[in-house]
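Subject: Structure handover and findings

Hello,

Please find the structure below. My notes on what was found in it follow.

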Amino acid sequence: MSRPEQIAPPEIFYNDSESRKYTTSTRVQHIQAQMTLRSLELLNLDPEKTHFILDVGCGSGLSGEILTEENQIWVGMDIAPSMLATALDREVEGDLFLSDMGCGVPFRAGTFDAAISISAIQWLCNADSTTSEPKVRLARFFSTLYAALKRGGKFVGQFYPANENQIIQITSAAKVAGFQCGVVVDDPESKKNKKHYLVLQAGHSDRPLNLGNMEVESTTPKKEKKMSKKMMRAMETKKEYIHRKKELMKRRGKTVAQDSKFTGRRRKPRF
Amino acid sequence: MKFLTTNFVKCAVKSCDASDLSFPLKYEECELQLQEHDFNPEFLISMLPRLNWDAVVQVAADLGNTSLPSTKPEGIENNEQLLKDLHSLLLETQIINGKMTCRHCGHIYYIKDSIANFLLPPHLANS
């Protein structure tokens, strides 16, 4: 599988010829449309309403066209000028921004109902210049995205992680920013069709993400870990020990003395 | 760029995050265009509470329209004429060319062919 991330930074890789190739390829169009529809399904927006949506890494507006078809109003940002020029030629409906997501989302608090991103956030994990630090860029992106979404706002982003480590890097950065966070993997068995979706939610929403029977991981730490067997054993009293052993023997079919109130008690001291 | 978007976009420089001056940006030398868009009253009503009316008035004044009322008009939901006016202002007015200046750091963002350039020079990107 070829990885454009390893070849050149996005604004250089997606030059005029590459963005034309990308946009006119029916295969790419088909995959992008499918992933956009799947992202919208995960977002679980009210189909009756028009929402204000941010498209991070909108490219030539392939995903934006679907948003327009679904009657949504959107704003797209991308770092590659050629891709945006292609989008302009295709006369997409949304507003276009030439902007680097690693420098933050330049919108004030509570702007968007939701945000999507198709095949973009893996670029954040790359250090393309000596001054860019992936960790800082990820943190900046997620914290400004968190602010730009309204409370209960949701984000679904399809991405191509290079390895397990990148998934951890991305999800932990999202959690630090305050999101409830999860990764949905479609077609996990297939090497070619496997798709990763980062699903984020900023606070509680009336229409939660459509995740089937899965749940997003909360940022609040779990109450306490279950104690290990060894710890439990070390902490139990003599009486509990006897009860446990008796129960075990009973289950193994041995004859065991009946439990009474004297079980496990110390005998009266006698001379 | 739609007029609606000007009500949300702010300076991208990190050191301007905490400043009130980084929103709204100052709009100068703007070339406007009217682009037709389907009238959608539900969307407008859902966006109303999110609008910062002071910024709407200020940006409209930057663009040469000083006829807006200084307070947010009330009872818009039932006033079709008002909704239509808002629709043509917010969604159909497009800024094609122009420049936006941050009132805090003074950085100038250019709009060219209706694409706003928010790329930051390296010294601002990582500060």
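A salt bridge, as the term is used here, is a side-chain nitrogen of Lys or Arg within 4 Å of a carboxyl oxygen of Asp or Glu. This is a predicted model, so local features need pLDDT of at least 70 and side-chain atom pairs count only at pLDDT 80 or more, while totals for chains, interfaces and linings use all residues. Residues are numbered from 1 along each chain as its sequence is written, chains are lettered from A and ligands numbered from 1 in the order in which they are written, and side-chain values use heavy atoms, with hydrogens and water left out.

Salt bridges

Over all chains, the structure holds 16 salt bridges. One of them is formed by Arg103(B) and Asp62(B), whose closest N and O atoms are 3.6 Å apart. This pair links distant parts of the chain, 41 residues apart: Arg103(B) is in the loop between strand 2 (93–101) and strand 3 (108–112) of chain B, and Asp62(B) is in helix 3 (residues 53–62) of chain B. Helices (H or I, at least four residues) and strands (E, at least two) are DSSP runs, numbered from the N terminus.

For accessibility, buried means under 20% relative accessible area, exposed over 50%, and partly exposed in between (1.4 Å probe, protein chains only). Arg103(B) counts as partly exposed because its relative accessibility is 33%. Asp62(B), at 29%, is also partly exposed.

In chain A, salt bridges that share partners join Arg38(A), Glu41(A) and Asp186(A) into one network. A further salt bridge connects Lys21(A) with Glu18(A), at 3.5 Å from N to O. Both residues lie in helix 2 (residues 16–24) of chain A, 3 residues apart, which is about one turn of the helix. An α-helix has 3.6 residues a turn, so residues three or four places apart point the same way. Lys21(A) counts as exposed because its relative accessibility is 52%, whereas Glu18(A) is partly exposed at 21%. Arg244(A) and Glu236(A) also meet through their side chains in a salt bridge, at 2.8 Å from N to O. Arg244(A) is partly exposed, with a relative accessible area of 28%.

Helix 5 of chain A

Which residues of helix 5 (residues 81–89) of chain A are buried? They are Ser82(A), Met83(A), Leu84(A), Thr86(A) and Ala87(A). Their cover includes helix 2, strand 2 (73–78) and strand 3 (95–98) of chain A, together with strand 4 (115–117) of chain B. After the helix comes Glu91(A), which has a positive phi near 55 degrees.

Where the chains meet

Contact means heavy atoms within 4.5 Å. By that criterion, 33 residues of chain B are in contact with 28 residues of chain A. The area buried between the two chains is about 2,600 Å², and carbon and sulfur atoms give 59% of it. Buried area is the accessible area (1.4 Å probe) that two parts lose on being put together, summed over both. In chain B, Phe8(B), Arg50(B) and Ile115(B) lose the most area to chain A, together 23% of what that side buries.

Between chain B and chain A the count is 3 salt bridges. One salt bridge is that of Arg50(B) with Asp113(A), where the closest N and O atoms are 2.7 Å apart. Helix 1 (3–6), helix 2 (41–47) and strand 4 of chain B each supply at least two residues of the side of chain B that touches chain A.

Strands

Two strands pair if DSSP finds at least two bridges between them. Strand 3 of chain A and strand 4 of chain B run parallel and are joined by 3 bridges. Leu98(A) stands opposite Asn117(B) in this strand of chain B.

Within chain B, strand 2 and strand 3 pair in the antiparallel sense over 4 bridges, and Met100(B) has Tyr109(B) as its bridge partner. Their hairpin has 6 residues between the strands, and Gly106(B) there takes a positive phi near 80 degrees.

Lys112(B) has Ile115(B) as its bridge partner. With 2 residues between the strands, this hairpin includes Asp113(B), which takes a positive phi near 50 degrees.

Regards
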